[in-house]
Amino acid sequence: MRTPFHKIPDSLIRILVVFVILVGLALLLRFLLPSSLKDRPTFVAATVEREMAKPVRYAGSNVCADCHEEFNLKKTGYHRNLSCETCHGAARDHAENPTEAKPTMPRLREFCVRCHTYNASRPTGFPQINPASHNPLKPCIVCHNPHDPKPLTVPHECGACHAEIERTKSFSPHVQLACATCHNVPEQHKVSPRVITATIPGEREFCGKCHAKDSQVKETPKIDLATHGEKYLCWQCHYPHMPEVD
Amino acid sequence: MDRRKFVTKLSFLLVPGGVIGTFLKNASARAAELYNPSKHYYGMGIQVNKCIGCGRCVEACKEENAVPKDPFYFRTWVERYLIKKDGTCTVQNIDGRISGSVETGNEKEIMRSFFVPKLCNQCDNPPCVQVCPVGATFKTEDGVVLVDDNRCIGCRYCIQACPYGARYLDPERETADKCTFCYHRITKGMLPACVEVCPTQARIFGDVRSSASPLTRFKRMNKLHVLKPSLNTEPKVAYSDLDGEVR
């Protein structure tokens with residue numbers, strides 16, 4: 001039997017078959033694939049839309065003020081810049097359904113201590129305690145109101161203004177020294193602090209009263225004032241409120 | 001009141017109610033459409049001196065974005081730098097205390113030490129976008145680098161290419177994932193979760209083009225630095241008080 005195709009070489013027909021299959025596949029893909037996978041602006045827009053539609057879990061602190069009075073208490077305290085959800089956890093569910101979903105209420109010591117344990121890497125002056133010696137095992141909220149945290153005794157002496165120095169000093173070997181040991185504070189300094197200033201020790205011999213090698217004070221690190229540190233004043237190498245000693 | 005009167009009165013209530021209802025529905029739909037990405041260009045500022053390393057940002061990020069809880073997957077994380085007097089520098093990941101508390105060791109050996117919060121820098125010239133073989137990651141009009149997880153084939157090129165180590169492979173989807181500045185929040189006018197919960201305002205979020213905002217003020221009042229400026233990635237996350245040891 002002679003068909004119209006008998007003159008076409010067999011190999012050509014095979015190539016044609018493969019070609020037809022490929023074109024068929026391409027057409028199939030063209031119509032089957034969603035446009036979001038082919039067209040760049042479309043898939044970019046689709047991704048942005050999907051990203052925007054993701055669920056929000058942290059409601060933001062402004063929402064809390066609508067119902068909770070503690071918000072006003074917090075506004076004036078040291079925790080004023082904290083978001084409610086910093087401590088109470090994600091609360092979007094609670095904001096939408098206040099009776100069903102409840103946010104967490106951390107009452108344990110371990111929670112506060114995560115920010116307030118002394119750590120050398122923390123910035124100087126950030127309020128820190130040593131949990132081992134600061135009323136061990138007692139929950140913080142017994143003494144401190146977390147919405148308006150304060151030191152139990154309100155500092156009325158130097159610490160009222162120089163809180164950062166006082167906190168730093170509380171961890172230093174100089175913790176037992178009163179401010180007046182080194183500073184001469186005129187009574188007027190409390191009234192006009194910038195005009196009437198407290199004195200600062202101006203000479204090496206002052207520190208030498210405790211730290212010179214012939215000092216009578218016991219158990220302090222001793223140096224020879226004549227050879228130690230040459231022309232520098234003590235505080236140019238050692239910070240007196242937190243003296244570093246080798 | 002007979003039935004006719006009742007129905008008449010009801011229709012007076014229902015018709016305007018329906019009209020108002022439709023209008024409200026349109027309004028809420030419009031509010032979602034109102035967001036105009038060309039009006040924004042987002043950036044972040046980080047005050048290193050304010051970070052206390054509490055790890056609340058890490059926790060909040062994982063919660064908000066459903067990042068796996070294991071300590072290998074982070075959209076944001078905090079590094080603790082410990083520079084000793086002998087010049088050695090150790091870096092430790094504060095992973096929201098998943099792996100326990102951080103030990104300082106002998107304090108007398110420390111020269112200086114501090115925490116550095118890190119996240120995707122949302123580079124203006126992002127290497128991750130350049131290397132993606134399928135074009136799954138891209139920069140949006142408002143300057144955020146996003147990943148299309150339908151298109152991502154999980155080849156990890158972008159994870160290799162990111163000089164800041166900001167990307168990870170989602171263990172379930174097997175696609176690349178990274179910080180989006182909480183894109184679903186910022187497009188609704190909210191703050192990213194890490195900024196929301198930071199207790200010390202170490203993180204500042206905003207529009208880099210705005211003339212008066214916390215971010216602009218931060219940029220005006222501080223000496224700023226970005227991470228790895230020599231790579232010309234042009235990060236949009238700016239650091240103040242950054243130490244030279246930070247990589």
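Leaving aside its neighbours within four places in sequence, with which residues is B:Cys57 in contact? The legends below take up this question and related views of the predicted model.

**View 1. Surroundings of B:Cys57 in the nonpolar core.** Beyond the neighbours within four places in sequence, B:Cys57 is in contact with B:Thr76, B:Val78, B:Pro117, B:Cys194, B:Val197, B:Cys198 and B:Arg203. The largest nonpolar core comprises 61 residues, and B:Cys57 and B:Cys194 are those with the most contacts inside it. In soluble globular proteins, nonpolar side chains tend to be buried together.

**View 2. Chain B as a whole.** Chain B contains seven helices and eleven strands. Of its 247 residues, 38% are buried. When contacts in chain B between residues at least 6 apart in sequence are considered, 63% of them join residues at least 24 apart.

View 3. Strand E1 of chain B spans residues 42-47, and six of its six residues are buried, so the strand is largely enclosed by the rest of the structure. In a regular strand the side chains alternate between the two faces of the sheet. Both faces of E1(B) are covered: B:Tyr42, B:Met44 and B:Ile46 are buried on one side, and B:Gly43, B:Gly45 and B:Gln47 are buried on the other.

**View 4. The strand partners of E1(B).** E1(B) runs antiparallel to strand E9 of chain B (residues 203-207), to which five bridges join it. E1(B) is also joined by four bridges to strand E11 of chain B (residues 237-240), and these two strands run parallel. B:Met44 has a bridge partner in each of these strands: B:Phe205 in E9(B) and B:Val237 in E11(B).

**View 5. The contact between chains A and B.** Chain A contributes 28 residues to the contact and chain B contributes 35 residues. On the side of chain A that touches chain B, the elements giving two or more residues are helix H3 (40-52), helix H6 (84-88) and helix H8 (109-116) of chain A. H3(A) supplies the largest share of this side, seven residues. By class, the side of chain A that touches chain B has 14 nonpolar, seven polar and seven charged residues.

**View 6. The two domains of chain A.** Chain A is divided into domain 1 (62-142) and domain 2 (158-236). Taken over C-alpha atoms, the centres of these domains are separated by 36 Å. Four residues of domain 1 of chain A are in contact with four residues of domain 2 of chain A. On the domain 1 side of this contact, two residues are nonpolar, two are polar and none is charged.

Key. Residues numbered from 1 in each chain as written. Chains lettered and ligands numbered in written order. Predicted model: local features only at pLDDT ≥ 70, side-chain atom pairs only at ≥ 80, totals over all residues. Contact = placed C-beta atoms within 7 Å. Nonpolar A, V, L, I, M, F, W, Y, C, P; charged D, E, K, R; others polar. Buried ≥ 20, exposed ≤ 12 C-beta atoms within 10 Å, placed from the backbone. Core = buried A, V, L, I, M, F, W, Y, C linked by C-beta atoms within 7 Å. Pairing = 2+ DSSP bridges. Domains from an automatic or database assignment.
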